[in-house]
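Reader: I'd like to go through a model with you, feature by feature. Could you show me how you read each one?

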Amino acid sequence: SGQTPGANRRKMTPIDILITSINLGRLKTIEAGDRITKTGIFKEPATGPVEITAQGVAGDVIADKEHHGGFDQAVYLYSSGDADWWAHKLQRDVPPGFFGENLTLSRWWPNVRIGDRLEAGPLRLEITFPRIPCSKLAARVGDLGFVKSFAAARKPGAYARVLTPGSIRAGQAIVITPAPDAFPTVEAMFDLWYAKPRDHELMRQALAAPLAQRAGAAVQRWLQEDQESQ
């Protein structure tokens, strides 16, 4: 995947986006569809400062390392605003960590893009891809059809890689440095994942952005398959 050109970046002034909660998962055995599996999706707010390393949040459990975690998906972010939307839709309490997010933010900023950077104290993160829902999320919510509902709602949250590790605590403000406008938004990448046919121009833009490696490989494959079938 491409490197972020530093020259095109403009520093955003601190705006009132706060880390409302830092959430850690514990290992739990669940029924996901017709199989029994282990997961770390059940997360609870941590108290006090939490260390975030290149591999993710210290003390957090990632059970399925094939599909979750890794350097490019080290931290998962979700917003309180989207959680409130779900609480209203599902008619139930949606506490911080409900969607398996590591960091609950007070809100999103406009046009969240692949390559946007976040700073909180010493910690620096870079957005890499939207979250694609799986059967474990459905099991967490207690609704087998939830994968479809989550996809339809287009409120996926976002994964980030850790550029500079650091210790953070709930209540800290985040400073955003936007990615170049040429990089796709998280929402556009989420839509692309489900699209048929897929937009070639968007795929090329995505490959120029600092996408998560697994996602980059998928986009590369789609583009190649489309070109071969023409």
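Reader: Let's begin with one residue. Which loop does Asn-102 lie in?

Author: Keep in mind that we're looking at a predicted model. Asn-102 sits in the loop between α1 (80-90) and β8 (103-105).

Reader: Is Asn-102 buried or exposed?

Author: To call a residue buried, you want its relative accessible area under 20%. Asn-102 has 5%, so it counts as buried.

Reader: Let's turn to nonpolar residues. Which members of the largest nonpolar core touch the most other members?

Author: The general idea is that in soluble globular proteins, nonpolar side chains tend to be buried together. In this model the largest nonpolar core has 44 residues, and Leu-77, Leu-103, Leu-105, Trp-109 and Leu-125 touch the most other members. Helix α6 (residues 213-229) gives the most to this core, with five residues. There's another core apart from it, made of 18 residues, among them Tyr-76, Phe-98, Phe-99 and Ala-153.

Reader: What is Leu-105 in contact with, leaving aside its neighbours within four places in sequence?

Author: Contact lists show you which parts of the chain come together. For Leu-105, the list includes Ile-17, Leu-18 and Ile-19, then Leu-77 and Tyr-78, and also Ile-174.

Reader: Zooming out, how many helices and strands does the protein chain have?

Author: Six helices and 13 strands. The C-alpha trace spans about 50 × 45 × 30 Å along its principal axes, and 49% of the residues count as buried.

Reader: What share of the contacts join residues at least 24 apart in sequence?

Author: Take contacts between residues at least 6 apart in sequence: 76% of them join residues at least 24 apart. As for the surface, the chain exposes about 11000 Å², with carbon and sulfur atoms supplying 52% of it.

Reader: Now the sheets. In what order do the strands of the three-stranded open sheet come?

Author: The order is β6-β5-β12, and the pairing is antiparallel. β6 (56-57) and β12 (166-168) each have a single partner strand, so one side of each is left without a neighbour in the sheet. Two bridges join β5 (residues 50-53) to β6, and in β6 the bridge partner of Thr-53 is Gly-56.

Reader: How many residues lie between β2 and β3 in their hairpin?

Author: For a hairpin, check the pairing and then the turn. β2 (residues 28-32) and β3 (residues 35-39) run antiparallel and are joined by five bridges, with Thr-29 partnering Lys-38 in β3. Two residues lie between the strands, and Gly-33 in the turn has a positive phi of about 65°.

Reader: Which residues other than glycine have a positive phi?

Author: Take two cases. Asn-111 has phi near 50° and is found in the loop between β8 and β9 (117-120). Its relative accessible area is 52%, so Asn-111 is exposed. Arg-154 has phi near 55° and lies in the loop between α3 (146-153) and β11 (158-164). Arg-154 is partly exposed, at 37% relative accessible area.

Reader: One more backbone feature: which residues does the cis peptide bond join?

Author: Omega is the angle to read here. A cis bond joins Lys-196 and Pro-197, with omega at about -10°. Pro-197 is in the loop between α4 (186-194) and α5 (200-208).

Reader: Last one: is Gly-69 buried or exposed?

Author: Gly-69 is in the loop between β6 and β7 (75-79), and a loop residue still needs its accessibility checked. At 7% relative accessibility, Gly-69 counts as buried. Not counting residues up to four places away in sequence, Gly-69 touches Ile-62 and Arg-214. Gly-69 and Arg-161 are 92 residues apart in sequence and 9.5 Å apart in space, C-alpha to C-alpha.

Conventions. Residues numbered from 1 in each chain as written. Predicted model: local features only at pLDDT ≥ 70, side-chain atom pairs only at ≥ 80, totals over all residues. Heavy atoms only, no water. Core = buried A, V, L, I, M, F, W, Y, C linked by side-chain atoms within 4.5 Å. Buried < 20%, exposed > 50% of the residue type's maximum accessible area, 1.4 Å probe, protein only. Helix = DSSP H or I, 4+ residues; strand = E, 2+ residues; numbered from the N terminus. Contact = heavy atoms within 4.5 Å. Pairing = 2+ DSSP bridges. Areas by Shrake-Rupley, 256 points an atom, 1.4 Å probe, with all protein chains shown as cover.
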